Amino acid sequence: MSDMLFDIFEPGETPLPHAGDEVAVGIDLGTTNSVVAISRQGKPEVLRDDKGRAIIPSVVAYGRDDEVVVGHEARNLILDRPQDVVSSIKRLMGRGIEDIKAVAGQLPFEVDGDATGMVRLKVAGRTLSPVEISADILKAVRAQAEAALGKKVPKAVITVPAYFDDAARTATKDAARLAGIEVLRLVNEPTAAALAYGLDQGAEGLYAVYDLGGGTFDVSLLRMEKGVFQVKATGGDAALGGDDIDHMIAELFLAERGVTSLDAGRVKQALMTARVAKECLTSRSEGEWMLEFDGKVSKHALSRQTLEAMISPLIERTITICRQVLEDAAALPEDVKGVVLVGGSTRVPLVRKRVADLFGTQPLANINPDEVVAVGAAQQAEALTHGSDTLLLDVTPLSLGLETMGGIVEKVILRNTPIPAALAQEFTTYQDGQASMMIHVVQGERELVAQNRSLARFTLSGIPPMAAGAARIRVTFTVDADGLLTVSACETTTGVESQVQVKPSYGISEEEMAEMLKDSLEHAKDDMAARLLAEAKVDARRNLLAVRAALSHDSDLLSPSEREGIDRAIATVETACEASDREAILASAEALETATKPFAEKRMDRGIRKALAGVSMDSLEKRVGE
Amino acid sequence: MNIEAHHTDGLEACVVECWSCKGPASPRALFCSVCGAVQPPRPMDHFQRLGLMPGFDVDQGELERHYFGFQRRLHPDRFAARSAKEKLMSQQQAMALNEAYETLKEPLKRAAYLLKLKGRKADAEDSAKPADPALLMEQMEAREALMEADSAEQVQAILARTESDIAFAVDDLSQAFAAECLEGAAKLVMRLKYLMRLSDEARGRKSRMTRGTL
Ligand SMILES: Nc1ncnc2c1ncn2[C@@H]1O[C@H](COP(=O)(O)OP(=O)(O)O)[C@@H](O)[C@H]1O
Ligand SMILES: [Mg+2]
Ligand SMILES: [Zn+2]
């Protein structure tokens with residue numbers, strides 16, 4: 001066989017560049033709370049503040065001047081300066097103003113849309129996007145990590161709800177960029193939790209991860225085996241969590257008090273009280289709480305029993321989603337070996353009971369449910385920077401498709417397809433001489449475009465005149481390992497092409513991003529330059545490695561003077577890589593490429609000659625074999 | 001072996017250029033034997049991609065072992081600290097592996113794919129071919145029975161029968177392919193397609209019934 005000519009070369013024989021000094025953390029950027037952790041030599045550690053606290057409330061308070069306060073202090077300001085404080089911003093990530101109009105009445109923010117339909121919040125005299133507010137949280141998280149480690153933390157794995165759509169994922173990545181963090185990978189929260197469990201407890205078999213936090217619900221079914229974490233199916237609701245319980249209780253209390261219309265500040269106050277009541281009822285069976293404002297005190301009694309009756313439909317929704325996920329994975333509840341609980345809301349006794357009922361097994365909560373996601377993210381960050389034996393194989397949570405005639409969705413990538421994935425579908429024109437085609441990308445499970453989430457629209461133009469139905473338009477969907485989508489379209493009979501990185505309709509444009517980077521981060525430019533320099537070095541070192549390998553393999557093809565020329569070019573690249581001049585590195589790499597061109601041609605020649613000999617052997621064998 | 005034959009035709013197919021060291025590389029190699037760079041996925045069929053013998057009978061355990069083994073070496077997570085070009089190559093490799101795995105994992109997709117490899121379309125894709133009247137009849141009757149079933153037990157009975165029919169159809173497919181009877185295999189693919197749809201519908205109906213929302 002011809003491939004016997006070549007030995008298999010294993011990666012890993014060449015060490016990862018700079019493996020030693022990289023600091024990469026894992027960040028659980030939660031709706032309610034954020035946590036940051038690091039893993040070194042396989043040992044994860046949650047990074048705490050100077051008071052020993054791991055949790056950073058995802059709450060931001062804005063002052064009149066440039067003051068930005070994040071975390072516990074910001075949360076303490078909710079009662080004093082409610083109009084300046086933003087919480088649960090994650091619920092608005094990647095949302096358009098149209099998406100949230102339905103819930104705007106319940107939101108404790110003053111919201112507004114901009115010209116593009118993107119949500120903006122009016123806080124303390126500023127107008128801010130959810131991306132900017134999330135970036136402020138991430139900056140505080142980064143600062144806590146840097147203080148704990150005593151060094152810069154430029155890279156991170158950031159977790160997102162498995163059920164986050166493309167727009168919300170892109171928004172998260174944009175927020176990280178604004179905060180000066182390079183995202184090594186977006187990892188789904190339940191997958192991160194499973195990784196932490198699998199590595200810590202050596203769990204093997206089919207496991208469910210049930211994650212009910214403040215604003216989102218996720219459930220994933222994974223098979224864990226010999227270091228492979230394979231997500232079989234995932235499902236969830238990106239707008240279902242403990243916040244909804246708080247809203248129910250707050251509405252009850254306000255109704256009891258006889259209030260009908262309220263400003264944002266009062267709503268926040270009522271929500272705080274509701275949350276305290278809810279959390280108390282996790283360990284107690286009843287209690288009484290007070291609301292005090294506008295010079296009036298009202299008392300509100302609530303029992304766990306009443307609360308459970310109220311929230312039962314909400315919990316049933318999560319159970320229905322669990323059933324759907326089991327069905328998608330063609331699994332039965334009894335196939336599931338264990339259920340891992342994640343998220344603060346899984347402390348609610350009724351949640352535990354219903355989950356135990358469904359799966360017929362007592363759920364596991366032996367790793368702190370507040371920290372497990374960050375721990376898994378940290379482990380993945382270490383794996384990505386230092387290598388590892390474990391492997392995460394994740395899936396797309398939602399189907400991706402295109403609008404076709406009559407507003408019907410044609411699915412191109414089905415939900416629960418393993419990622420990265422690339423799939424193509426062919427379409428045709430429906431009018432004679434049609435020169436362009438509108439391509440509308442949607443995400444979701446429903447049949448009609450209007451019932452799904454619109455991700456992007458673009459036009460493939462320049463289709464040469466053809467009869468209706470003659471053109472062959474091939475639309476390719478590519479989902480990368482972060483779950484982010486790119487769509488390209490091509491008319492295959494002529495090769496006319498068009499490609500978009502799907503920038504969601506409500507996302508931030510590149511120009512806006514550049515503006516924001518300039519405004520919000522003094523060092524953004526330096527960070528960007530540093531990243532480009534690092535990339536140029538990685539590329540140049542890859543080239544050096546390749547040329548050296550080729551030399552040690554085929555140096556007999558070179559005359560001494562040719563060899564000398566290549567050696568000189570190598571030395572120039574080496575010197576350039578020691579310094580910090582990106583242009584010099586790029587130029588030296590190009591010079592190296594030119595210097596080695598004749599050498600490469602000779603190598604190819606010899607390779608083909610050798611293979612030719614191999615082929616004739618091969619075909620001879622085949623004839624004999626027939 | 002006949003599947004491999006058309007890939008060894010021609011010179012280009014025997015030697016390709018490594019994008020990194022620009023020297024000769026084998027079209028089958030995942031990594032360049034000289035410089036170690038990960039190579040892009042080369043044109044090959046899904047069986048070759050996963051190192052399996054082409055055929056309908058695929059051992060699930062073996063399929064998974066091979067898939068995981070290749071992903072361990074090629075998945076983008078292994079290349080996160082490397083150059084942009086290597087990241088791209090590994091992403092393309094992982095995509096090709098995922099597509100191969102998804103296609104070969106399920107009997108229906110595997111059978112349809114195998115037919116295509118052997119140059120025969122499944123009957124549904126062959127618009128010139130009229131649908132099999134006996135199959136149409138059977139489908140209609142089964143649909144009706146499912147619509148009329150008004151207890152979870154009745155739906156369960158239909159589901160159980162469909163699942164056993166699926167198992168038989170898969171067995172028959174295995175025999176048809178073993179006997180190189182593509183005509184028969186194409187018919188069975190159609191039958192399996194309809195049975196799978198029926199079992200999906202039955203399962204959906206059953207879970208709606210047991211949840212009491214029907
Ligand atoms: N003891 C408790 N009982 C009930 N709910 C709780 C309890 N502790 C925390 N929670 C709820 O958990 C949610 C926060 O969970 P967390 O996992 O931190 O959220 P997120 O991942 O969305 O940031 C909040 O809604 C909070 O009220
Ligand atoms: Mg969470
Ligand atoms: Zn090479």
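This is a predicted model: local features need pLDDT of at least 70, side-chain atom pairs count only at pLDDT 80 or more; totals for chains, interfaces and linings use all residues.
**Close-up 1. Polar atoms of chain A facing ligand 1.** A backbone N or O atom of Thr31(A) lies 3.1 Å from an oxygen atom of the ligand, and a polar side-chain atom of Arg275(A) lies 3.2 Å from an oxygen atom of ligand 1. In the case of Arg347(A), a polar side-chain atom lies 3.4 Å from a nitrogen atom of ligand 1. On its own ligand 1 has 570 Å² of accessible area, of which the protein covers 90%.

**Close-up 2. The interface of chain B and chain A.** Here 50 residues of chain B are in contact with 58 residues of chain A, and the two chains bury about 4800 Å² between them, 59% of it on carbon and sulfur atoms. Within chain B, the residues that lose the most area to chain A are Val34(B), Asp77(B) and Arg82(B), which together account for 12% of what that side buries.

**Close-up 3. Salt bridges and polar contacts between chain B and chain A.** Four salt bridges are found across the interface, and in one salt bridge the side chains of Arg223(A) and Glu64(B) meet at 2.9 Å, N to O. Between the two chains, 13 residue pairs are in polar contact. Among the elements that give two or more residues to the side of chain B that touches chain A are helix 3 (60–74) and helix 8 (182–210) of chain B, while helix 4 of chain B gives the most, with eight residues. That side of chain B comprises 23 nonpolar, 13 polar and 14 charged residues.

Conventions:
Residues are numbered from 1 along each chain as its sequence is written. Chains are lettered from A and ligands numbered from 1 in the order in which they are written. Side-chain values use heavy atoms; hydrogens and water are left out. Contact means heavy atoms within 4.5 Å. Buried area is the accessible area (1.4 Å probe) that two parts lose on being put together, summed over both. A polar contact is a pair of N or O atoms within 3.5 Å; within protein, one must be able to donate a hydrogen and the other to accept it, and residues adjacent in sequence count only if both atoms are side-chain atoms. Helices (H or I, at least four residues) and strands (E, at least two) are DSSP runs, numbered from the N terminus. Ala, Val, Leu, Ile, Met, Phe, Trp, Tyr, Cys and Pro count as nonpolar, Asp, Glu, Lys and Arg as charged, and the others, Gly among them, as polar. Accessible areas come from the Shrake-Rupley method with a 1.4 Å probe; for residues, only the protein chains shown count as cover.
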